[in-house]
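Take a look at it, then work through each solution step by step.

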Amino acid sequence: MTSIIPVLLSKIVFNTPIKAVNKFLDTLINAKGYVKVLEGLQNTIVISVIGLVIGILIGTLIATVRVVPKYKVLPRVLNGICSVYVGFFRGTPMAVQLLLFYYVMLPLFGIPMSGLDVSILVFGLNSGAYISELMRAGIQSVDPGQMEAGRAVGLSFPVTMIKIVIPQAVKNILPTLGNEFIALIKETSVVSFVGAANLYTAFNMIGSNSYEFMVPFLVMALIYIVVIMLITLGIKIMERRLQKSDRRN
């Protein structure tokens, strides 16, 4: 009896992972699960990249409004609107925002949008709220003399911001923007709430079909890690190039 137990344990330890891998590969290749994985990876990248671009545009606009002198009524009103916007998107979870837009706001206004389009929109709006604070800190980190120099040579406030101040602010907050991009990549796991395909839905489907979730979820985690490592490497390369341009100047 005692000799049987080690044999059974060895079979469980060594055979179970092999069977799980075989089931995963069979579903991934023979059942064409890789099609869903590629679609999920593509959607994950599309949502994150377009969301980041939208976020940078919105965040830069909001940050500019926040740093404009509040001598007149219009800047104060715009600043109040921006404060409400930032407070909402920073104060509610991404999943709640997706559900609110997909099931409440867009149907209320009669705007038909797919789950993927809603995900891109919400990720962009959410990212804009966070990037606005990053950009505001970046603008304030630029020497005020830069603005004064631009205005002294006859440039208007908007032109000075676009051509002189904002490029330097972006350079200052580049590592933090990279962190925001990484956060968007990881948060795409919640877009399944509105029916958008992503890596989670793809590997969850593979696990359901093979009745084995250990290997699919491990592979999913590995893909996320590889993507984020590539993003981190790209950010470091950009930082080095910017540092070289600073030394040449």
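**Exercise 1. Find out how confident the predictor is, and where caution is needed.**

Step 1. Start with the whole chain: this is a predicted model, with a mean pLDDT of 83 and 91% of its residues at 70 or more.

Step 2. Go on to the elements. Helix 1 (residues 4-30) has the lowest mean pLDDT, 60, while helix 4 (residues 94-108) has the highest, 91.

Step 3. Zoom in on residues 7-15, where the pLDDT is below 50. Beyond near neighbours in sequence, this stretch has 3 contacts in the model.

Step 4. Draw the lesson: where pLDDT is low, predicted coordinates should not be read in detail.

**Exercise 2. Describe the fold and the overall dimensions of the protein chain.**

Step 1. Count the elements: the protein chain has 10 helices and 0 strands.

Step 2. Take the extents. Along its principal axes, the C-alpha trace spans about 90 × 55 × 35 Å.

Step 3. Compare with a globule. The radius of gyration is 24 Å, whereas a compact globule of 249 residues would have one near 18 Å.

Step 4. Check the contacts: of those between residues at least 6 apart in sequence, 72% join residues at least 24 apart.

Definitions and conventions:
Residues numbered from 1 in each chain as written. Predicted model: local features only at pLDDT ≥ 70, side-chain atom pairs only at ≥ 80, totals over all residues. Heavy atoms only, no water. Helix = DSSP H or I, 4+ residues; strand = E, 2+ residues; numbered from the N terminus. Rg over C-alpha atoms; globule rule 2.2 N^0.38 Å. Contact = heavy atoms within 4.5 Å. pLDDT = per-residue confidence, 0-100.
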